[in-house]
Amino acid sequence: RTNQLFGYTLARRLFGVYVHYPFCSSLCSYCDFPRQPLRHYTEELLPRFSNSAIMGKDPLLSAYLVELEAYAMMYRQARVDTGDGGQLLFAPGEDQLTSVYFGGGTPTLVPPEHLHDVIHAALGLFKCADSVEVTVEANPTTLNPQRLRDLKTAGVNRLSMGVQSLDEASLKVLGRAHTSRQALDALEAAAEVFPNHSVDMIYGRPGQTRPSSGDRSFTACCPPAPSRTSRSTSLRCPRAPGSPQT
């Protein structure tokens, strides 16, 4: 939707905020996203930057809050050439935040109260749609019933779980720290708290020659929905490095 103001075209956009947490307990062989071992933060960065914390907050959390505010200020002043001599002025009163997404890395290693602070800041800095989807990526080993409840209390309303495979040998090749049983147990627990959830699987993995193997993994992650109709499970299948058949 557009309208005119002082010669500018005002454009309404629906947009999201992505927050990257780059630390993991262990590093998977296939992942090419920016990431570091968690000990790099706890043993090296945390002591170095502890004095930069704002009001006693964790320095990484402080950095997120400062950067969010900086981006919000830039966003309010954004102008984009349209190519025909005009300009689009993106006004905060016209735009609407529709999603906040915590990716990684393993953002479920972040204390839920820190996630709450970032979510609260994002919702306060931007005009929001009537319903804002707040997603956090998760590994099965970082979840338990209490952590799931804490995530929901923090403001998360969607979970994206990285399972990647339910074949034990493939999990070892991929460098995953969980077993297939742990993944299924975590998924079952997550579905009780987050009806809106998704599962990441890698298909066409190195050494995987039978499509039915992957199909069985998908089927196990998508059991028949119980009597409640709110549950939704989706699957994303990224490319596995070194596997042209992915």
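This is a predicted model: local features need pLDDT of at least 70, side-chain atom pairs count only at pLDDT 80 or more; totals for chains, interfaces and linings use all residues.
Colleague: How do helix 2 and helix 3 lie, parallel or antiparallel to each other?

Modeller: The axes of helix 2 and helix 3, the latter covering residues 112-125, come within 10 Å and cross at roughly 10°. An angle under 35 degrees counts as roughly parallel, and helix 2 and helix 3 are therefore roughly parallel to each other.

Colleague: And is that crossing of helix 2 and helix 3 right-handed or left-handed?

Modeller: Helix 2 passes helix 3 in a right-handed crossing. On the helix 2 side the contact is made by L61, Y64, L65, L68, E69, A72 and R76, while helix 3 brings H114, D117, V118, A121, A122 and L125. Sorted by class, this contact of helix 2 with helix 3 has nine nonpolar, one polar and three charged residues.

Colleague: What about helix 3 and helix 4, how do their axes cross?

Modeller: The axes of helix 3 and helix 4, where helix 4 spans residues 145-154, come within 8 Å and cross at roughly 20°. That makes helix 3 roughly parallel to helix 4, and the crossing of the two is right-handed.

Colleague: Which residues meet there, between helix 3 and helix 4?

Modeller: From helix 3, P112, L115, H116 and I119 meet R147, D150, L151 and A154 of helix 4. The contact of helix 3 with helix 4 divides into five nonpolar, one polar and two charged residues.

Colleague: Changing topic, what lines the second largest pocket?

Modeller: The second largest pocket, with a volume of about 280 Å³, is lined by F15, V17, Y18, V19, H20, Y64, E67, L68, Y71, Y75 and F126. The elements giving two or more residues to that lining are strand 3 (14-21) and helix 2 (59-76). By class, the lining of the second largest pocket consists of nine nonpolar residues, one polar and one charged.

Colleague: Now the backbone: which peptide bond is cis?

Modeller: The peptide bond from G104 to G105 is cis, with omega near 15°. G105 sits in the loop between strand 8 (96-104) and helix 3.

Technical notes
Residues are numbered from 1 along each chain as its sequence is written. Side-chain values use heavy atoms; hydrogens and water are left out. On a 1 Å grid over the protein atoms alone, a cavity is a set of points where a 1.4 Å probe fits but cannot get out, and a pocket is an open set with protein on both sides within 12 Å along at least five of seven lines; lining residues have an atom within 4 Å of a point. Grid points are joined across faces, edges and corners, and a volume is the space filled by probe spheres set on the points. Helices (H or I, at least four residues) and strands (E, at least two) are DSSP runs, numbered from the N terminus. Ala, Val, Leu, Ile, Met, Phe, Trp, Tyr, Cys and Pro count as nonpolar, Asp, Glu, Lys and Arg as charged, and the others, Gly among them, as polar. Axes are lines fitted to C-alpha atoms, for helices over the stretch in contact, and angles run from 0 to 180 degrees between N-to-C directions. Angles under 35 degrees count as roughly parallel, over 145 as roughly antiparallel, 65 to 115 as roughly perpendicular and the rest as oblique. A crossing is left-handed if the near helix is turned anticlockwise from the far one by less than a right angle, and right-handed if clockwise. Contact means heavy atoms within 4.5 Å.
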